[in-house]
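Here are my notes on the model, point by point. Have the coordinates open while you read.

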Amino acid sequence: MEEEGYIADFNGIEKPGDYFHRLRDEIQNYNEKFHAFNFIPEKLEEGFPFSVKDNICVKGVETTASSRILSGYLPPFDATVVRRVKEKGFSFIGKTNMDEFGFGSFGINTDISARNPFDEDRVAGGSSSGAAVATALIKYHIAIAESTGGSISNPASFCGVVGFTPTYGAVSRYGLIDYANSLDKIGLMARSVKDIEFVFDIMKGKDEHDSTSVDRKIENKKSRKITVIDEMISGVDEDIRKSFDSLLGKLEAQGYKISHTSLKEIGISGPVYYIISMAEASTNLAKFSGFKYGLKVEDFSLDYNTFFTNARDAFGEEAKRRIILGTFVRAASVRARYYQKALSLRALLIRKMREILKDSYILSPTMPIKAPKIKDVEKLTPVQNYMLDILTIPPNLCGFPHISFPYDYIDGLPIGAQVITDHFNDKALFSFVEDWENNFTYKFKYNLGEI
Amino acid sequence: MKIGLEVHVALPTRTKLFCACSTEETEEPNENVCPTCMGFPGSKPVLNREAVRIAKSIAFVLGCKIREKISFVRKVYFYPDLPKNFQISQLDASIGYDGEVSIKTKKIRIRRVQIEEDPAKILREKGMTLLDFNRSGVPLVEIVTEPDITSEQELRMFMHELRSILYYQGVDIDREVKADLNISLGKERVEVKNVTGIKNLIDAARYEIDRQKRIIDQGREPIKETRFYDEDEKITKSAREKEADEEYGYIYETDLTDYDTSGLVIDRGIIPSKEAKELSEKYGFDEQVLDELISLDRDAYRLIVSAAGRYDPQIIVSVVEQLKKFGEQSISEAAFEALLGVGKEVSLTREMIDKAKKGESIETSVNKENIEEKVRKYMQDNKALFEKARKDTKVQNFIIGEISRKYRFNPKQVSEIIKNMNLFK
């Protein structure tokens with residue numbers, strides 16, 4: 001494990017003259033097999049490599065959020081995070097694969113699913129599947145990803161990388177193709193938390209283009225207490241449960257005080273999350289109508305309703321499902337029962353979790369299962385699918401910062417744990433995981449771009 | 001009969017409601033546009049503070065309670081002129097609520113004043129539908145009344161009053177106003193949507209009142225429906241849509257945070273009809289004349305206020321009316337004062353106004369004939385006094401003083417004119 005992070009290393013190493021040319025070809029070759037990228041530029045600039053999830057705008061680069069309806073969309077501007085990172089001399093190496101518009105937990109709601117670098121028959125997780133795969137493949141690289149309900153933690157856990165989701169509002173969302181505006185957070189994945197901290201400092205802060213971004217000081221209020229919520233470990237697979245218990249043992253040995261508590265409201269977080277996120281998503285997807293950008297329906301002789309219906313046929317099945325459900329929960333006759341109720345339950349859950357977070361971290365496994373086989377997840381019903389997000393949803397729903405970090409390998413597959421802290425205390429997470437990294441070495445099967 | 005209105009008014013801001021694009025009208029379509037007002041994926045709205053400030057001022061002059069914390073909602077419907085297929089608008093946390101506008105016969109309650117964005121403009125030409133996004137994102141306020149209007153006459157008065165109040169907020173809604181009209185003579189509500197201009201609004205209402213009256217006279221009930229006003233044929237037409245309550249699927253616009261309006265300094269503005277009433281009571285103006293004079297003329301109001309109480313109200317009104325004929329009501333208050341000195345029965349000339357504007361004395365050249373005339377008239381009425389004056393300079397001065405006071409002439413000038421007329425010899 002490097003002492004100073006990969007960025008410091010990379011900048012300190014003499015690189016061959018054709019380094020970036022070769023890196024590009026190598027990424028392109030491996031992409032044939034792993035499908036981490038939707039787009040790789042012809043030529044790479046010099047600088048520490050960074051990738052961008054395909055729902056974040058890069059000026060003049062096709063940005064589709066893995067949706068056919070956006071094919072050909074060339075944003076006329078850079079997302080604020082992309083602009084800020086570019087300005088610091090980082091090198092853009094491509095747009096990463098994802099579930100369409102972020103709708104999914106396994107990265108399979110896309111043309112070609114990204115493959116897990118630890119076992120190609122298994123999923124990479126989702127929705128930021130390509131970001132996690134790219135991080136697991138490329139040695140010197142940082143991924144700009146995005147999470148609404150767990151889209152960073154989940155694939156980070158399945159692919160054995162570090163995934164950081166900041167406090168809602170700490171990082172500008174300008175340039176993000178919205179899934180659910182009150183839940184979307186742009187975050188990072190890397191092979192070391194040190195790199196994440198470095199790039200987070202570049203990305204964060206108020207942006208005049210995003211009214212929800214703030215200039216709050218990011219704290220580093222460390223704690224020696226860890227709380228485990230019973231409801232967050234009761235449903236996990238046996239092998240994960242066992243492994244997590246041994247993690248708690250190790251942390252206890254490192255001086256953390258572990259306590260267990262019950263928080264029954266965790267049980268409602270799934271339905272609350274899906275109601276709010278689908279309600280917002282169904283309005284965000286309304287704009288895709290097939291004539292201003294992305295997919296264009298050429299037949300202008302159609303009446304508007306037909307024209308519009310034809311265009312929206314380009315959405316994938318999960319997108320259509322969420323539009324229908326989201327439109328339903330907003331309807332005047334049920335709005336109070338679903339949408340409004342979900343909003344007040346979210347506020348309740350935030351209060352309850354803050355009580356715990358004021359003097360301790362919350363720790364849980366990131367996912368209740370190891371990365372499943374692609375052929376197995378295809379058999380899941382939508383509800384079974386949604387229920388697998390149950391551990392990543394609570395911090396995402398409440399806007400709490402959290403990191404998923406690898407802590408064990410079972411049957412050769414990485415598994416991650418998720419540490420959560422209070423709003424705007426993101427830096428304490430970096431300290432926590434840095435401590436962990438000092439005592440644990442992450443495993444990687446690939447080191448593309450190794451010098 | 002019950003009539004309620006939803007009136008949409010464009011706010012006079014330099015930039016659009018959620019982006020920095022100019023609101024200025026341009027020859028070229030789609031010139032003042034950006035990713036935000038085109039609804040491009042990845043763009044975000046950022047609220048224009050000045051638009052909220054003007055909306056707060058308008059809510060205030062309409063007698064509304066002002067919300068300290070406002071928020072926005074997404075109103076979802078699909079139409080080609082709506083770039084995101086939802087409109088950012090307000091609902092239960094609108095800037096103003098519970099206001100009222102007084103007309104002669106009653107008070108019309110204002111239910112709500114809300115801020116929202118204008119859609120793009122649709123042009124239909126040669127069988128094509130063209131979209132111009134220059135207007136997309138222009139800030140609007142929607143003023144929603146309670147159904148308190150009960151006749152065409154009241155509608156007329158209300159629109160006149162509203163136009164006058166808004167004029168003093170920097171908006172003239174005469175032709176540009178867009179309104180939805182809810183009219184029910186029977187049990188069910190008929191909505192006439194998207195009427196443009198005050199004249200059309202009143203014509204549409206008149207037509208619709210007659211139409212519903214005829215139906216009722218035949219012993220039937222007007223049905224609940226949405227109609228449109230055809231400006232060419234001057235009739236309302238059924239939209240022939242399936243009738244259901246409108247379903248907009250409102251949710252909060254969470255790209256915008258709750259906005260605190262308490263720091264926004266409003267233009268206190270005036271309610272012109274109220275001003276006319278107060279000035280009339282205090283200084284003896286004819287209220288109706290004054291109301292007409294100032295209701296859509298900020299300069300007339302300024303001049304009148306500058307002189308009220310110091311000059312004869314009839315002279316003030318007469319000079320202002322004449323200035324308006326010359327289109328010169330924007331002159332300075334000092335120049336106005338000089339013109340007031342010439343008296344109420346004098347017709348202003350272009351030359352007099354120009355002199356007044358330059359600060360030159362206007363009495364000597366222009367007013368001579370008028371003074372001569374008045375002096376002759378005075379002499380006719382006071383022959384004995386003039387006899388005495390031939391021998392007595394005190395009496396001469398008394399006469400000069402009397403004429404000057406009576407007709408508000410300059411005494412020096414009167415004295416000179418009398419001397420030249422040889423009246424004391």
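1. Let's start inside, with the lining of the largest cavity: by class it has seven nonpolar, six polar and eight charged residues. The classes are simple: Ala, Val, Leu, Ile, Met, Phe, Trp, Tyr, Cys and Pro are nonpolar, Asp, Glu, Lys and Arg are charged, and the others, Gly among them, are polar. The volume of the largest cavity is about 160 Å³. Its lining has 21 residues, and those closest to the centre are T36(B), S43(B), K44(B), P45(B) and K84(B).

2. Some housekeeping before going on. This is a predicted model, so to speak of local features we need pLDDT of at least 70, and side-chain atom pairs count only at pLDDT 80 or more, while totals for chains, interfaces and linings use all residues. Residues are numbered from 1 along each chain as its sequence is written, chains are lettered from A and ligands numbered from 1 in the order in which they are written, and side-chain values use heavy atoms, with hydrogens and water left out.

3. How many cavities of 30 Å³ or more are there? The count comes to three. On a 1 Å grid over the protein atoms alone, a cavity is a set of points where a 1.4 Å probe fits but cannot get out; a pocket is an open set with protein on both sides within 12 Å along at least five of seven lines; and lining residues have an atom within 4 Å of a point. Grid points are joined across faces, edges and corners, and a volume is the space filled by probe spheres set on the points.

4. The second largest cavity comes in at about 90 Å³. Of its 14 lining residues, G104(A), S105(A), S151(A), Y273(A) and D389(A) lie nearest the centre. By class, this lining has three nonpolar, nine polar and two charged residues.

5. Now the second largest pocket, with a volume of about 730 Å³. There are 28 residues in its lining, and Y168(A), S182(A), R346(A), T254(B) and T257(B) lie nearest its centre. In chain A, α11 and α14 (393-398) each supply at least two lining residues, and α11(A) gives the most, with five. Helices (H or I, at least four residues) and strands (E, at least two) are DSSP runs, numbered from the N terminus. The lining divides into 13 nonpolar, ten polar and five charged residues.

6. On to the interface. Contact (heavy atoms within 4.5 Å) takes in 40 residues from chain A and 31 residues from chain B. The two chains bury about 2800 Å² between them, 60% of it on carbon and sulfur atoms; buried area is the accessible area (1.4 Å probe) that two parts lose on being put together, summed over both. S211(A), K287(A) and K292(A) supply 19% of the area that chain A buries against chain B, more than any other three residues.

7. What holds across that interface in polar terms? The rule finds 18 residue pairs in polar contact, both residues at pLDDT 80 or more. A polar contact is a pair of N or O atoms within 3.5 Å; within protein, one must be able to donate a hydrogen and the other to accept it, and residues adjacent in sequence count only if both atoms are side-chain atoms. On the side of chain A that touches chain B, α8 (266-284), α9 (304-312) and α11 (336-357) of chain A each give two or more residues, and α8(A) has the largest share, with four. By class, that side has 20 nonpolar, ten polar and ten charged residues.

8. Salt bridges next, meaning a side-chain nitrogen of Lys or Arg within 4 Å of a carboxyl oxygen of Asp or Glu. Two are found across the interface of chain A and chain B. D255(B) and R173(A) meet in a salt bridge at 2.9 Å, N to O. E146(A) pairs with K53(A) in a salt bridge, the closest N and O atoms being 3.1 Å apart. E146(A) sits in strand β6 (residues 142-147) of chain A and K53(A) in strand β2 (residues 49-53) of chain A, so this pair ties together parts 93 residues apart in sequence.

9. Some backbone spots to look at. G126(A) and S127(A) are joined by a cis peptide bond, with omega about 10 degrees; S127(A) is in the loop between β5 (119-123) and α4 (129-137) of chain A. H35(A), not a glycine, has a positive phi near 55 degrees, and belongs to the loop between α2 (19-34) and β1 (37-39) of chain A. D98(B) is not a glycine either, yet its phi is positive at about 55 degrees; D98(B) is in strand β6 (residues 96-102) of chain B.
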